[in-house]
Every structure is written in C-alpha cells, then in structure tokens.
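Hi everyone, thanks for coming along. Let me put the structure up, and then I'll talk you through two parts of it.

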Amino acid sequence: MSQPHDASGPPDTAPPPARHNRTLPALSADLAGVILFTAIGRRNHAEGVSIAGIADTAWPFLAGTLFGWLVSRGWRRPTALMPTGVVVWVCTVAVGMALRKATGEGIALSFVAVASLVTALLILGWRAVAAGLTRRR
C-alpha cells in the first residue's frame, strides 16, 4: 500500500522527461502530414476528399508511419530529424507502397516519386524547422 505524499519530502513519482511531452505532438504531426498528403492527392486527381475516401487512400501510409515509429523507437527522440524522422519517412513510403501493391492498388513510378517527395517535405520538414528554432534559442 502506498504512503500518502508528505509535502516536505520528494514526490512519489518524478515528472516525465521533456521528450515524453513531445511524443504525442510529434506522432500527431507525422500522421497529419500523411493525411494531408493523401487529401491533396485525392483532390488533385478529382477523387473527392471525403473522410472515407481519405481513410481508404491513407491507411497503407499511416500503417507505414506507425511502423516507422516502432522501428525507430520514435518516442525516444520524437523530434529528431535523424534517425527518427528519416526512418519514419522511409517506412511511410516503403510500407505504404508495399501495402498498396498487396491490395491491388497502383504504385506507378511517378506516384512513388511524388509520394516520396511530398512525405519527405511533411515528415522531415517540420522536424527541420523545429531543429532550426531550437538552435536559435
């Protein structure tokens, strides 16, 4: 049974390290970037931007993003460009394309190139901006 906290002594648990406070926003930024990528792509191809349509297009890439977070252990350094950002980006594209192919969706070379460039901008871009702002402080 736990003892009540005495205000004169140290607390029972220490606050979490600052990086844990950045994990959910960083993961959310990556997932939002993938959703933005798919919404823009659907709009540019006149496929509509309904939630169901975006979800249908985005799920392989979202799975890749989550896989990248697991592989890179993104929660350890969630805002790091290297290795977290690069691993998450590569997994987003590679797993996303593999799942699209496995489900009979198209993976034309031009689509792979555009997906790679746009997701790099969205997944790596915010991390580069954050690193620049941190250095300025």
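Helix α3 passes α4 in a right-handed crossing, meaning that the near helix is turned clockwise from the far one by less than a right angle. Helices here are DSSP runs of H or I with at least four residues, numbered from the N terminus. This is a predicted model, with pLDDT of at least 70 needed for local features and 80 or more for side-chain atom pairs, while totals for chains, interfaces and linings use all residues. Residues are numbered from 1 along each chain, and side-chain values use heavy atoms, without hydrogens or water.

How far apart are the axes of α3 and α4? They lie 10 Å apart, and α3 (residues 81-102) packs on α4 at about 155°. The two are therefore roughly antiparallel, the word for angles over 145 degrees. Among the α3 residues meeting α4 are Trp89 and Met97, and the α4 side includes Phe111 and Ile123; contact means heavy atoms within 4.5 Å. By class, this contact has 13 nonpolar, 5 polar and 2 charged residues.

Now, the largest pocket. Its volume is about 500 Å³. A pocket is an open set of points on a 1 Å grid where a 1.4 Å probe fits, with protein on both sides within 12 Å along at least five of seven lines, and lining residues have an atom within 4 Å of a point. There are 20 lining residues, with Gly41, His45, Glu47, Thr57 and Phe111 nearest the centre. Helix α1 gives the largest share, 6 residues. The lining has 7 nonpolar, 8 polar and 5 charged residues, with Gly counted as polar.

How values were computed. Grid points are joined across faces, edges and corners, and a volume is the space filled by probe spheres set on the points. Axes are lines fitted to C-alpha atoms, for helices over the stretch in contact, and angles run from 0 to 180 degrees between N-to-C directions. Angles under 35 degrees count as roughly parallel, over 145 as roughly antiparallel, 65 to 115 as roughly perpendicular and the rest as oblique.
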